Amino acid sequence: LPMSKEFIKIIALIIEHELDLKKDQVILANQKFDIPSDDRLYISIELMGSRPFGVKTAYEADPITGELLEAQSVNCQEMYSILAYSKGATARQRNWEIAPALGSTFAQQQQEEHSFKIGYLPRMTDVSGLDGAARLNRYRLTFAALVAYRKSKPVEYFDQFAQPTIISNP
């Protein structure tokens, strides 16, 4: 997977598409965002952590130039959190839609296209609380995803190192 791809952004696209939300309703955690005063549903997605379970370094020839490449890859289990919230009842009424969105046909297509897997059976928790004088309805869904990252870079052949200079004492 090219380094420009971020799985969190693909998950955001899935949620936005399946819950029929506008771009301003789905944000990534730690972005500057003030909770609007309207009653619409808002979603915040966060990468909570990652646990590598496989690391590999291999050598392969570039199919175009024939140059030797070092290919580094890592497989990880990443934990994600999706926070659904609203000033009104919308988050309470629609929080159930998140789990089936992650298992939808569109989600499966995105997983196949980008070579990752969203785990089954996410956990939903009510984390509602007071926000000033009003109650903010919040529901957190956590789930795991299996992902892989890969990069390659040129590496010299062992027989292409500079010849050493041998100096002997007379």
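I take a pocket to be an open set of points on a 1 Å grid over the protein atoms alone, where a 1.4 Å probe fits, with protein on both sides within 12 Å along at least five of seven lines. Lining residues have an atom within 4 Å of a point.

This is a predicted model; local features need pLDDT of at least 70, side-chain atom pairs count only at pLDDT 80 or more, and totals for chains, interfaces and linings use all residues. I number residues from 1 along each chain as its sequence is written, and side-chain values use heavy atoms, without hydrogens and water.

**Pocket.** I looked up the lining of the largest pocket and found, among others, Ala99, Gln108, Lys117 and Pro122. Helix H3 (98-102), helix H4 (105-114) and strand S4 (117-118) each give two or more residues to that lining. Helices (H or I, at least four residues) and strands (E, at least two) are DSSP runs, numbered from the N terminus. H4 gives the most, with three residues.

**Strands.** I count two strands as paired if DSSP finds at least two bridges between them. S1 (residues 26-28) pairs with S2 (residues 42-61) in the parallel sense, over three bridges. S2 and S3 (residues 68-86) run antiparallel, joined by 18 bridges. Which residue of S2 is the bridge partner of Ile27? I found Ser44. Ser44 also stands opposite Leu83 in S3.

**Helix H1.** Just after H1, I noted Asp20 with a positive phi of about 55 degrees.
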